[in-house]
Amino acid sequence: METNENEIRLTVKKLFDEDKIDILIGYSPGTLPLRTSPVFLRKEDDVEVLVWNSFCENTLSNYLKNYKDKRVGIVAKGCDSRLINLLLLESQVKKENLVVIGVPCRGVIDRKKIDKITGGMEVTGSEEKEDGILIFFDGTDKKVTKADILHDSCMICNYKNAVSSDIFIGEKEKEEKVDPYNKIREMEENSTDERWNYFNKEIEKCIRCYACRNVCPMCYCQECFVDCTDPEWFGKTAEIKDTKMFHIVRAYHMAGRCVDCGACVKACPMDVDLRFLTKKIEKDVLEFFAYEAGVKDDEPPPFTTFKPEDPQEFIR
């Protein structure tokens, strides 16, 4: 990780030196242990603040929409690179204004899982080791294996390296394919009532803060359907029927566009299991259309295009 950090800093410095970027979006140390913060650099003198480690959980591609008229460099792990491909395909960013600095990723840690290990006690420090994370709390320290504290989305990620980039930093991580849909298949075995009850149980926790929408790079509409008043699609109340509609419609809006970065569940203050909807739709898109979102930079999502040879049995 330290080697990669130094290479990232040298690369960014060179990009500023050669006047190829106006701004760099990356990670800097957070003010608390186990955290990093997005950072936006505008000059080469600041590159020493850049870090790359297991605490870099923010989905940086979400910030690209704020710099459409700037030449932007961005540090991109696997999920971010897939999101960038989708944003390029949907004409939300311009390729000529973008320098993607790809990095290998071993997954990022879930601080909620660490809270369970510490019993909710304040973590006063941490050190990342090759084989785990050393955390300090309550006057003691405890070493935990990384596999035990990874975000759920990272545990089933098949793209540990940026899938496309202009510059790649370090050695690529070995990618061993895993089945990301085991839990979805288990849920599909449940009865309709059981699935519906699970959906209701999760959505009842939602407070309609829209953190999931606001943190998602693919939710870039200037006016979200939930905010429309003419026409008004459904109510904006906290009633469960309105909340259900918001999550169902948003999940379908993400069909073929979600890369399972996990940003929505990381941002949710109520721990709503939002991924069970998007992951199910992701599985269906793969099975029906043989498509994985953002893996290729020249293949648009299936619902934004068509093929003349597509079956058209629905037309009468």
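Me: Is lysine 280 buried, partly exposed or exposed?

Reply: We sort residues by relative accessible area: buried is under 20%, exposed is over 50%, and partly exposed is in between, with a 1.4 Å probe and protein chains only. Lysine 280 comes out at 28%, so it counts as partly exposed. Keep in mind that this is a predicted model, where local features need pLDDT of at least 70, side-chain atom pairs count only at pLDDT 80 or more, and totals for chains, interfaces and linings use all residues. Residues are numbered from 1 along each chain as its sequence is written, and side-chain values use heavy atoms, with hydrogens and water left out.

Me: Which side chain meets lysine 280 in a salt bridge?

Reply: Side chains of opposite charge can pair when their charged atoms come close. The cut-off here is a side-chain nitrogen of Lys or Arg within 4 Å of a carboxyl oxygen of Asp or Glu. For lysine 280 the partner is glutamate 188, at 2.6 Å from N to O. Glutamate 188 sits in helix H5 (residues 182-188) and lysine 280 in helix H10, so the pair ties together parts that are 92 residues apart in sequence. Helices here are DSSP runs (H or I, at least four residues), as are strands (E, at least two), and both are numbered from the N terminus. Glutamate 188 is partly exposed too, at 26%.

Me: What about glutamate 287 and lysine 283: where do they lie, and how many residues apart?

Reply: Both are in helix H10, 4 residues apart, which is about one turn of the helix. Salt bridges that share partners link Glu188, Lys280, Lys283, Asp284 and Glu287 into one network. Between glutamate 287 and lysine 283, the closest N and O atoms are 3.0 Å apart. Lysine 283 is buried at 5%, whereas glutamate 287 is partly exposed at 48%. The structure holds 32 salt bridges.

Me: Which residues does lysine 236 contact?

Reply: Contact means heavy atoms within 4.5 Å. Leaving aside neighbours within four places in sequence, lysine 236 contacts Arg208, Val226, Asp227, Cys228, Thr229 and Asp242. The C-alpha atoms of lysine 236 and arginine 208 are 8.6 Å apart, for residues 28 apart along the chain. Lysine 236 is in the loop between helix H7 (211-215) and helix H8 (240-253), and is partly exposed at 36%.

Me: How does the length of H8 work out?

Reply: The expected span of a helix is 1.5 Å times one less than its number of residues. With 14 residues, H8 should span 20 Å, and its end C-alpha atoms are 20 Å apart, which agrees. Its buried residues, including Asp242 and Phe246, pack against helix H6 (192-203), H7 and H10.

Me: Where does threonine 59 lie, and what does it touch?

Reply: Threonine 59 is in the loop between strand E2 (36-41) and strand E3 (72-76). Residues up to four places away in sequence aside, threonine 59 touches Asp80, Leu83, Pro217, Cys261 and Ala263. At 7%, threonine 59 counts as buried.
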